[in-house]
Amino acid sequence: TGIVGIIGAMDAEIARFLEEMQQVETREIQGIHYHKGELSGVPVVVCKSGVGKVNAAVCTQLLIDRYRVESVIFTGVAGALHSDLDIGDLVISTECQQHDMDASPLGFPKGTIPFQETSVFPADPGLIEWAKKAGESIEGVKVLTGKVLSGDQFISDVEKVKQLREEFNGACVEMEGAAVAHVCHLSGVPYVVIRSMSDRADQTAQVNFLEFTELAAERSCLMVRHLLQQK
Ligand code: ADE
């Protein structure tokens, strides 16, 4: 089997993997540290992209070009949009979209990329099923599947939450997933995004993010570890 690329945006989101990886070989490419090794017997490359869509896109393209990964899993934290989601709960992406893409003055619907046939990037059905099974083995945590929205904005406003839910039907919002999805789509590489909720993207988001990122990042890691164990 091929190599699985695992990306997180921040240190907390990949720390657990680095602790557990065997026979790690680290290479720095364009400022990103790529850690090649094994997790649960699966060959992986784990890396920290940094925050935002451009960082995530560069990181993903390098994983594809330099490591020929067979699939990409993004793990990390997000702000909840769906009302059923509590802090710590998990979302498995069915698809991703860039909510901050807006050429509406030219007549293009918000969130759609002009002159491009796809703006909503579907996650890989096999990886989604795997993730769902992995989710069933984690007790006391709700796992939803739904659309992950990404933009270069930290959302902390209820009106914006309402808009993202109503306009794009987003389950959660973060800052990288749709960039990873877009890059994977262009190269035909299967991907899935797994996110645990650190906050509700409302006026309490800053405080919650600081308090719950560690817990949420760990939950998301746990989910990915369970997924790899089933592979
Ligand atoms: N990641 C975690 N919480 C977030 C939020 N509220 N907005 C954007 N990205 C996030």
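This is a predicted model: local features need pLDDT of at least 70, side-chain atom pairs count only at pLDDT 80 or more; totals for chains, interfaces and linings use all residues.

Residues are numbered from 1 along each chain as its sequence is written.

The protein chain has six helices and ten strands. Here helices (H or I, at least four residues) and strands (E, at least two) are DSSP runs, numbered from the N terminus. The radius of gyration of the protein chain, 16 Å, is close to the 17 Å that the globule rule gives for 231 residues, so the chain is as compact as a globular protein of that length. That radius is taken over C-alpha atoms, and the rule is 2.2 Å times the number of residues to the power 0.38. Along its principal axes, the C-alpha trace spans about 50 × 40 × 30 Å.

Of the 231 residues, 45% are buried. A residue is buried if 20 or more other C-beta atoms lie within 10 Å of its own, exposed if 12 or fewer, and partly exposed in between, with C-beta atoms placed from the backbone.

Helix 1 (residues 11–20) has Ala12, Glu13, Ile14, Arg16 and Phe17 as its buried residues. Their cover includes strand 1 (4–8), strand 3 (32–39), strand 4 (42–48), strand 5 (71–80) and helix 6 (205–230).

Now to the ligand. Among the 14 residues around it, Gly79, Phe154, Ile155, Glu174 and Ala201 come nearest; a residue is near a molecule if its C-beta atom, placed from the backbone, lies within 6 Å of it. Strand 5 gives the most to this shell, with three residues, and strand 9 (170–174), strand 10 (191–199) and helix 6 each supply at least two. By class, the shell has nine nonpolar, three polar and two charged residues. Ala, Val, Leu, Ile, Met, Phe, Trp, Tyr, Cys and Pro count as nonpolar, Asp, Glu, Lys and Arg as charged, and the others, Gly among them, as polar.

Glutamine 30 is exposed, with 7 other C-beta atoms within 10 Å, whereas asparagine 169 is partly exposed, with 15.

Note on methods
Two residues are in contact if their C-beta atoms, placed from the backbone, lie within 7 Å.
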